[in-house]
Amino acid sequence: MAEGRYIVVGGGLAGLMTVLKLAEAGKRVDVFSLVPVKRSHSVCAQGGINGAVNTKGQGDHPDIHVKDTLKGGDYLAEQPPVKGMCYAAPGIIYLLDRMGVTFNRTPEGFIDFRRFGGTLHHRTAFAGATTGQQLLYALDEQVRRHEVEGLVRKFEQWEYLGNVLDDDGACRGIVALDLRSMEVQAFPAEAVCLATGGPGVLFGRSTNSVINTGSAAARAFVEGALYANGEFVQVHPSAIPGDDKLRLMSESLRGEGGRIWVPSDGRPTDPVTGKRMPPRGEPWYFLEERYPHYGNLVPRDVGTREIFQVCREMGLGIGGRDAVYLDMTHIPPEVLTRKLGGVLEIYEKFRGVDPRFVPMEIFPGMHYSMGGLWVDYEADARGSIVPSPRNHATSVPGLYAAGECEYQYHGANRLGANSLLSCLYAGQLAGPAMALYARNGGKSAAAAPQAAFGRALLHWKDRFEGIRGMGGKENPWRIAGELGELMTESCTVVRENAKLRKALDAIDALSTRAGDVNVLDPGRAMNLSMAFVNQLRNMLELAKVIARGALLRDECRGSHDKPEFALPGPSTANPKDDPGFMARWKASGERWRKTTLARYTPQGPEIGYREVPTPILEPEPRHYD
Amino acid sequence: MTKREPMPVPAHVELRVRRQDGPGLPSRVEVFRLPYRPNANVISCLQEIQRSPVTADGTPTTPVVWDCSCLEEVCGACTMIVNGGVRQACTALIDQLGGTVTLEPLSKFPLVRDLMVDRQRMFEALKRVRAWVPMDGSHDLGPGPRQSPRDQEWMYQLSTCMTCGCCLEACPQVNENSAFMGAAAVSQVRLFNGHPTGALHKAERLRALMSEDGVQGCGKAQNCVEVCPKGIPLTTSLAEMFRETTVQAIKDWVRREPSPGVRT
């Protein structure tokens, strides 16, 4: 009997790497994507991809990359997968090089590396300032080759609706919607991988693409998959606000020497450090002053909090607004064009000002979800990942997840230029794991009970006929807009329990209103209103996971900052020298250094916690100077 | 410093949108009147219509259907005709367009609905010209060949092509009577033939460009390079590929290898 097909949902970096690995093993793959895969959100990654290749004579090593990543995520990331990723990173960069990625070069013809946040090493390979685009195109080209050879079928402008689950709860395929015809169809598979990206649209305006609703991962959660660390949401320090979205201004701008400042108001000292402030009107480089070692390249959670503090608490934002300067004007314009052209062009196109000559005005914006579907891994006694069907498997047998829609690599805060890496590494693990699952005990899709497919298909046909008939008084896009404001207000930089409780009530109210929407469009072709009404319901479920996770986590860790539960700081420059602080820190860690696990119930998500094993690195207080 | 002069701020923006419910159905123009908002672009206006799908004369209608994703001009999705010119809708800022904005779908591609078209032919062209570096596999084989910063610079620029379709829309040779694949795919041949590993399979790509849909379809109107949002030197690519295919055809003729489109 011919072996069946595999399904990958999502055509970004993680999805395409999963496809590539399966196709190279001779497997037949169906890839489903909302947009032609070449337009996936991976194109938005600007700055680069990390790998301790150590070609700069700085003594960099994958072990240092591991430590920077684990510390950057405040020891909440899963350690063996992080180790595997950091050790695989140089090979992944070389692989991309062989695919023809136009990485910037040194005069000797080697791949150039630049600095990024949360590390002191030049570890980030880059292709101008559109690295994600260039990486995605390389993968897209390789997958197209397999498409021509007949192993890969693309279903573009198709939307994943849900899984086909058999009587034992195993995933045997998916149900998908053809947006062109609005017809619902079921597809069998040996194994399914979700590589469906992050949930930026939950926050209304974010740096994410409009397709990043988180709907697919949310639906998998509703159907029984565990969701981990949902409350950890990265707010990037530098974005420019627009009417439709927030546009990212890459961390690589600071990696290449960009400086953050606000004009001083002439007060004598910085209330945080007690250091002298410059005279009134002079630039105050507050990150450099507060973090002499890391300066403008502190990790993102730290940078974002400092900008918030300077604007909201000290009132020093430019012109009293929510804005600080990101200044590149001291760097020669031709260097800027060569290394950062793509991102500077975005600023100039949208703000009408050339940032090579005028400092940019930026403010933090929602950027990335560290949390996502819970996935497993298998490691040996030394904490090294071994080939296994468990790698990247969700809690639903036969269902895998890779990329931003999964939680493993970034803990409480992701380091810049680790996301492209984690997507590719996840794909490298997920593809082979799916093949092993099918070989070792997964049930063949060919033998799948027809009843399960019939049931799933009927559910979704009914659901969409129901949506088509919705003639209520609410507009789905407005509800999403209100959800965005609510989530941005309650679940981004600073969190308060009182606000979070109110937010949860408000999400419930929005969910009720979402049941009374008007579908606005009865059309039977490319009816994006109908698709959105369905997505909205999933988005609301995910919003509950994020808000509830944030409410229950009474501590500060990485991106999750809840000042009412902040540990009183150490009295010494190095926290390890203050035994009192160390005792408080240890006790708090024992309570909270755990993975949050959310399980769906119709009454709202049920939250539990699970220990994070530390076979690689013992946690210590996170401290940057 | 290049600071653009802002136009006077209008109280309202008038959006005139060409709409069509599907292929082969009649088309119509709907007019929307939206309150002016600072920093608005065509996308945020269309989003406002989603939130309030009512035309200027108060008639309820369906939300406009259009293609978009990244809104940063790197994904290539939101190409449309804005005030008569082809471009991405995300970088079309209302402050630079004035009080009346007309939106139409691309005319050189099959219509899907409203402002959304099907650009699959561009991806098919990438298959035709084998626009990839052939690899033995994604296992670890060490680094790729070294390259000079100068080569990286021109190849990077070619590699920023986002398959947006502006060059095809603007090209007079892309029409119902011609099979011309357009400048985008031709330029990709130049990119992959320029890569040290890609060059090992140069002849295959050039032969693909010798077919009926290949580089000979170019009529040298030079519109493509004018409209490319990424400033890719498309006419240079076309000229170079024209020369290279000629050289390849002569080589093939000398070696008696069959070349499509070249009579021997």
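A:Asn54 lies in the loop that joins strand S3 (49-50) to H2 of chain A; helices (H or I, at least four residues) and strands (E, at least two) are DSSP runs, numbered from the N terminus. The phi angle of A:Asn54 is near 55°, a positive value in a residue other than glycine. With 33% relative accessibility, A:Asn54 counts as partly exposed; buried means under 20% relative accessible area, exposed over 50%, and partly exposed in between (1.4 Å probe, protein chains only).

This is a predicted model, in which local features need pLDDT of at least 70 and side-chain atom pairs count only at pLDDT 80 or more, while totals for chains, interfaces and linings use all residues. Residues are numbered from 1 along each chain as its sequence is written, chains are lettered from A and ligands numbered from 1 in the order in which they are written, and side-chain values use heavy atoms, with hydrogens and water left out.

B:Arg130 has a positive phi of about 55° although it is not a glycine. B:Arg130 is found in the loop between H3 and helix H4 (149-159) of chain B, and its relative accessible area of 32% makes it partly exposed.

The loop between helix H2 (62-72) and helix H3 (79-99) of chain A holds A:Asp74. Is A:Asp74 buried or exposed? At 11% relative accessibility, A:Asp74 counts as buried. Leaving aside residues up to four places away in sequence, A:Asp74 touches A:Ala412, A:Arg557, A:Gly558, A:Arg593 and A:Arg622; contact means heavy atoms within 4.5 Å. The C-alpha atoms of A:Asp74 and A:Arg414 are separated by 9.6 Å, although these residues are 340 residues apart along the chain.

A:Tyr425 gives another example of residues brought together from separate parts of the sequence. A:Tyr425 has its place in helix H10 (residues 419-439) of chain A and, at 6% relative accessibility, counts as buried. Which residues does A:Tyr425 touch, not counting residues up to four places away in sequence? They are A:Pro81, A:Gly84, A:Met85, A:Ala88, A:Ile92, A:Ile385 and A:Tyr409.

Helix H4 (residues 131-148) of chain A has 18 residues and reaches 26 Å from its first C-alpha to its last, close to the 26 Å expected at 1.5 Å a residue; the expected span is 1.5 Å times one less than the number of residues. Because 17 of the 18 residues of H4(A) are buried, this helix is largely enclosed by the rest of the structure. Just after H4(A), A:Gly150 takes a positive phi of about 95°.

In chain B, helix H7 (residues 202-209) has the buried residues B:Arg205, B:Leu206, B:Arg207, B:Ala208 and B:Leu209. These buried residues of H7(B) pack against helix H3 (120-128), helix H6 (183-194) and helix H9 (234-254) of chain B.

Chain A has 15 helices and 21 strands, and its C-alpha atoms fill a box of roughly 75 × 60 × 55 Å along the principal axes. For 625 residues, a compact globule would have a radius of gyration near 25 Å, and the 24 Å of chain A agrees with this; the radius is taken over C-alpha atoms, and the globule rule is 2.2 Å times the number of residues to the power 0.38. Of the 625 residues of chain A, 67% count as buried. Among contacts in chain A between residues at least 6 apart in sequence, 73% join residues at least 24 apart.

Chain B contains nine helices and seven strands. Its C-alpha atoms fill a box of roughly 70 × 45 × 35 Å, taken along the principal axes. Buried residues make up 55% of the 264 residues in chain B. Of the contacts in chain B with a separation of 6 or more, 63% are between residues 24 or more positions apart.
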